[in-house]
Amino acid sequence: MRVAVLGTGYLGATHAACLAEAGHEVVGIDRDAERIASLAGGRAPFLEEGLEESLRAGRGSGLLRFSTELADAAGAEVHFVCVGTSGHPADTRSGGIDVSVLEDLVTSLARLLDRPALVVGRSTVPVGTARRIRDLLRSKAPAGDAVALAWNPEFLREGHAMADSRAPHRLVVGTVDGEGLATLREVYADWIRRDVPFLTTDLETAELAKLAANAMLAVRVSTVNVLGEICEAAHADVASLTEIVGQDPRIGRDYLAPGPGYGGSCLPKDLRGLLADARDLGLDVAADFLGGADRVNRWQRERTVRLAEDLLGGAGGHRVTVLGTAFKAGSDDVRDSPALDIAAQLGEHGATVVGYDPVAPAAGLASAASAAEACRDADLVLVLTDWQEFAELDPVALGTLVRHRRVVDPRRCLDRSRWESAGWTVCA
C-alpha cells in the first residue's frame, strides 16, 4: 500500500522503516530539513540499533523515501500521524499534554485529502483528542466523510524501537464503528501472519492504552525507588530484595532496578498526562495516587543531590564528575534526563560539574572525552546512567586520578564491595 508517515522522530522513523520492510511504499514527512536529509542518506539522526541498516535497505529497494513537503503525502492511502506531543509548555510538571503541533498538522493534511483515505493517529494524546481530530478531518477535508480515522498507539522503548516495531507485544487499534479496520489489517498483514495480537477497541480506550501502560511502569519504578531508599536506611540489600520480589510471577523482574528517577520523553509526560485526565474527570483519589508516584520520582533527583552535598559538606567549591547524561543506557536521548537535572542543581549550588557519556551530549556541562578525564581531580563521582562501560571501570586505577575517593551510585551498577575494598566511600 502507499503509506505516509508524518513525523520522523523515534516513533516515525522506525515505523516508516519497518513498514517499508513489510513491502509498503512509504514516504516519511518532516519539516526538519536536517533530519530528513540524514534519513534520506541512510543515517539515523539518533541512536537506535538496526535503524540505519533498515533505512539503507528501504532506500535500495525504492520503497522508502523522505521529504519535507507535506504535499508529497497527498497520494497515500494511509497516513500515520507520528508527531511528538509534549508536556504543556505552561506547566510541564502538572500534566496537560500539548497537542497543538498535532492539530496544526492534521489541519494542513486535511486540505490535501480529496479522495477516500485513512488517517491513523500514533501520537500520545489526552483522552478525547481523537474524536476532535476526526471531526476536524471531516470538516476540513474535501473528501469529507470519506476520510476515516483510527488510533493506533505505540509502545516503543527507546534503544529498542526497531525490535519493538518488528515484533510488538500487541497492536492496538481504536475506531468508531470499525472504520478503517480492514485497511489496517492489510497494512499490518505481515505482523498478523506472525500471530501478533491485533486488539480492536474504541477511540478513548486506544488513547488511554499508552498513557496507562507508561503510568503502570512509572508507578513501578517509583515503588522500587522507595524500596531502595528504605533498604539504604535499614542497611538491607536492595539487589537481593528485588531478586526475591521479582521471582514472584505476579510481579516479574522488569523495571525493578532502582535509580535516580526515570526520565526521557515518555514516562514523565505520560504519567502527568494521565494525571491531568484524572483531574479533568474529577477523580481526586486517582489524581492523588498518580501524583504521588510523580512526587517520588522527582524526589529521587533531589535525594541524590542531597546525598552528594552531604558527602561533600556542601557543593560549593567542589569538583563533581557526572558519569552518564543520557536518561538511560542504550540511548543518546537527554530529554528530561535525571543526570542533567542533578548536575544542574549541583552547579547552582556552587559545584564545578564535568560530564561524560559514551554517546549522549553533556548539554549545559563541561564535557570530557573519557570517564578517566572526567574524573581527574574530582571530589565526588556520580554514576547516573548505567552504561556497561561504567560498571567495568577499575576503582584502583580511577582512585589515582580523583582528589577524593567518593562515589554516589543510585543506579547500583558498580560492584560495591570491590569499590569499597579500593578505598572508596560508596553511597546509593
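In the predicted model, Ser 54 touches Ala 17, Glu 21, Met 162 and Arg 166, when residues up to four places away in sequence are not counted. Ser 54 belongs to helix 3, which runs over residues 51-61. With a relative accessible area of 3%, Ser 54 falls under the 20% limit and is therefore buried.

Helix 4 covers residues 100-110, and its buried residues are Leu 102, Leu 105, Val 106, Thr 107, Leu 109 and Ala 110.

Helix 12 takes part in two helix pairings, one with helix 9 and another with helix 13. Helix 9 (residues 203-234) packs with helix 12 at an angle of about 50°, and the two axes are 9 Å apart. Helix 9 is for that reason oblique to helix 12. Their crossing is left-handed. From helix 9, the contact draws on Ala 215, Val 219, Ser 222, Asn 225, Val 226, Glu 229 and Glu 232, and from helix 12 on Phe 289, Leu 290, Ala 293, Val 296, Asn 297, Trp 299, Gln 300 and Arg 303. By class, the residues of this contact are eight nonpolar, four polar and three charged.

For helix 12 (residues 284-312) and helix 13 (residues 338-348), the packing angle is about 45° and the axes are 9 Å apart. This pair is therefore also oblique, but the crossing of helix 12 and helix 13 is right-handed. On the side of helix 12, Arg 301, Thr 304, Val 305, Ala 308 and Glu 309 take part; they meet Pro 338, Asp 341, Ile 342, Gln 345 and Leu 346 of helix 13. Five nonpolar, two polar and three charged residues make up the contact of helix 12 with helix 13.

Val 408, in strand 15 (residues 406-408), is in contact with Thr 304, Leu 307, Ala 308, Leu 311, Leu 380, Val 381, Leu 382, Val 383 and Cys 427, leaving aside neighbours within four places in sequence. The relative accessible area of Val 408 is 0%, so Val 408 is buried. Between Val 408 and Ala 71 there are 52 Å in space, C-alpha to C-alpha, and the two are 337 residues apart in sequence.

Helix 11 comprises the 14 residues 267-280, which at 1.5 Å a residue should span 20 Å; the end C-alpha atoms are 20 Å apart, so the two values agree. Helix 11 is mostly covered, with 12 of its 14 residues buried. Among the buried residues of helix 11 are the charged Lys 269, Asp 270, Arg 272 and Asp 277, together with Leu 267, Pro 268, Leu 271, Gly 273, Leu 274, Leu 275, Ala 276 and Ala 278. Gly 282, which follows helix 11, has a positive phi near 75°.

Positive phi values also occur at two residues that are not glycine. Tyr 255 has a phi of about 60° and is placed in the loop between helix 10 (238-246) and helix 11. A relative accessible area of 35% means that Tyr 255 is partly exposed. For Asp 377, phi is about 65°, and this residue is found in the loop between helix 14 (371-375) and strand 14 (380-383). Asp 377 likewise counts as partly exposed, at 38% relative accessibility.

Definitions and conventions:
Residues numbered from 1 in each chain as written. Predicted model: local features only at pLDDT ≥ 70, side-chain atom pairs only at ≥ 80, totals over all residues. Heavy atoms only, no water. Axes fitted to C-alpha atoms, helices over the stretch in contact; angles between N-to-C directions. Helix = DSSP H or I, 4+ residues; strand = E, 2+ residues; numbered from the N terminus. Parallel < 35°, antiparallel > 145°, perpendicular 65-115°, else oblique. Left-handed = near helix turned anticlockwise from the far one by under 90°. Contact = heavy atoms within 4.5 Å. Expected span 1.5 Å × (residues − 1). Buried < 20%, exposed > 50% of the residue type's maximum accessible area, 1.4 Å probe, protein only.
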